[in-house]
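Q: I'm new to this one. Can you walk me through it?

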Amino acid sequence: MAIGLTPKQEDTLDITGLTHEEFIAIALDVVKQLEWKVGYMSFKGFIAYTKFSMSSFGEELKVTLNNQVANIKSQCTGSELMDWGRNKRNVERFISTFNELKGSFSKEQLEEKITEMKQQLVPDQEDLLNQTPLTTKEKIGGFFSIFKPTEGYYITPILINLNILVFIAMVVSGVSIMSPESEQLLNWGANFKPVTLNGQWWRLLSCCFIHIGALHLLMNMYALMYIGLLLEPLLGKARFFSAYIVTGIAASLTSLLWNDLTISAGASGAIFGMYGVFLAMLTTNHIEKSARQSLLASIGIFIVYNLMSGMKAGIDNAAHIGGLVSGVAIGYIFYPSLKETESKKYQYLGIGFITVAIIVATVYICSTTSNDIATYDEKIKDFSAMESKALEVYHLPENTPNEKVLDVINNQGIKTWEQCLTLITDLEKLDLPLNIQNRNEVLKHYCHLRIDCYKMISKAISE
């Protein structure tokens, strides 16, 4: 069972006695017999994708030739950390089937297959015959290469590094490394409806770089690395970065609309957005047809699993859904510019459109969404101040004359408690969550009890 950033299994096959063309001809028959699909082929190697089933999630099999040795590598296309032996089985099946078939073809049959293969090649892609297949994931040659910007993997490591640096700064400032407190998250820029709608709109973006503990950061950065390896080469730096920022803000806006008292933080909304962009790409012709099924299966499993996990308490699933939906929309917006690769006009139009759209959406939502919870919070502060004033009767000196005590109880205590009761009653007009409404009922009962108590004290002193 392989475990790693991209679980894989590698082996070699001695092809002494066969030319490269003959080996490829036989190997393609092996792929056909195993019901796999070829995504790329040259006479120096090919890439095939296994059939999606209960025992396979659509792994990628890469075969490259080096003199008289064929290097065979099977790796997961999904974001799983363990392959449960699937890659090993793929390599073993390929080698055993090849050994069974290689003696069943005559020289004439092989020549005929090679001729057919050459006829299928597109003229302007003849240079592919001399290229060795290279999958995007192979840009990760070691642990530290995850954090190093390279061609086709440039913005992703910068975003990963930025998230990690923010988390380190949080920890250095005293934030808990495993379970930060709510106040600490708010101080660092987490999204919280009462304060975000109270003029602190920048929280819609800052919350995308704040994480609730080391485990939260680790899982999000792994998912970001994986989708970055797949998607950034397709979109390019500018589109990838703009999509990440816009989907992150869209996720925060969705959380704002859906949640009243949830403190939201983390890059998962933006990451779901990037998965949404890639999901849109998988429904177009921009990605090689044979690769779509396996990639669609692995991406679909990731999305469904994480959305199901997000139904647990304490997880902001609204942000996940908002990011995903906005990502799908952005993917289709970017598609025309991906087809017109020679013109930058469509690229700039797409980026400009989504930028304007998110700005308009932010202004509209922040200006029209009710912020009754913030109003409630301010009123409760007033309530606390009046409560303190009403309770001053209990702090009078012991030798205070009864007349003075009665004056404080009747003209300050009871009247202030009545003002508190009016304030709490007025709060019923606000659109508040059920738990706060229930709390208000308790406060009303509390005010009535205080008033009754003060009246009894007043009566006792008078009599």
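A: One definition to start: axes are lines fitted to C-alpha atoms, for helices over the stretch in contact, and angles run from 0 to 180 degrees between N-to-C directions. This is a predicted model, where local features need pLDDT of at least 70, side-chain atom pairs count only at pLDDT 80 or more, and totals for chains, interfaces and linings use all residues. Residues are numbered from 1 along each chain as its sequence is written, and side-chain values use heavy atoms, with hydrogens and water left out.

Q: How many helices and strands does the protein chain have?

A: The protein chain has 16 helices and five strands. Helices (H or I, at least four residues) and strands (E, at least two) are DSSP runs, numbered from the N terminus.

Q: How do the axes of α4 and α8 cross?

A: The axes of helix α4 and helix α8 (residues 214–235) cross at roughly 170° and come within 9 Å. That makes α4 roughly antiparallel to α8, because angles over 145 degrees count as roughly antiparallel, under 35 as roughly parallel, 65 to 115 as roughly perpendicular and the rest as oblique.

Q: Which residues make that contact?

A: From α4, I155, T156, L159, I160, N163, I164 and F167 take part, and from α8, A214, L217, M221, L224, M225, G228 and E232. Contact means heavy atoms within 4.5 Å. By class, the contact of α4 with α8 has ten nonpolar, three polar and one charged residues. Ala, Val, Leu, Ile, Met, Phe, Trp, Tyr, Cys and Pro count as nonpolar, Asp, Glu, Lys and Arg as charged, and the others, Gly among them, as polar.

Q: Is N163 buried or exposed?

A: N163 is buried, at a relative accessible area of 0%. Buried means under 20% relative accessible area, exposed over 50%, and partly exposed in between (1.4 Å probe, protein chains only). N163 lies in α4, which covers residues 155–172. Not counting residues up to four places away in sequence, N163 touches C208, F209, H211, L217, M221, Y244 and A267.

Q: OK, strands. Where is I72?

A: I72 is in strand β5, residues 69–75. I72 counts as buried, at 1% relative accessibility. Its C-alpha is 5.3 Å from that of D11, although I72 and D11 are 61 residues apart in sequence. Leaving out residues up to four places away in sequence, the residues that I72 touches include D11, L61, V91 and F94.

Q: And C366, what does that touch?

A: C366 touches L197 and L204, again not counting residues up to four places away in sequence. C366 sits in helix α13 (residues 345–368) and is partly exposed, with a relative accessible area of 22%.

Q: What about phi at N67?

A: N67 has a positive phi of about 60° although it is not a glycine. N67 is in the loop between β4 (60–66) and β5, and counts as exposed at 58% relative accessibility.

Q: Where is E35?

A: E35 is in the loop between α1 (20–33) and β2 (37–42). E35 has a positive phi of about 65°, and is not a glycine.

Q: What share of the protein chain do buried residues make up?

A: Buried residues make up 48% of the 463 residues.
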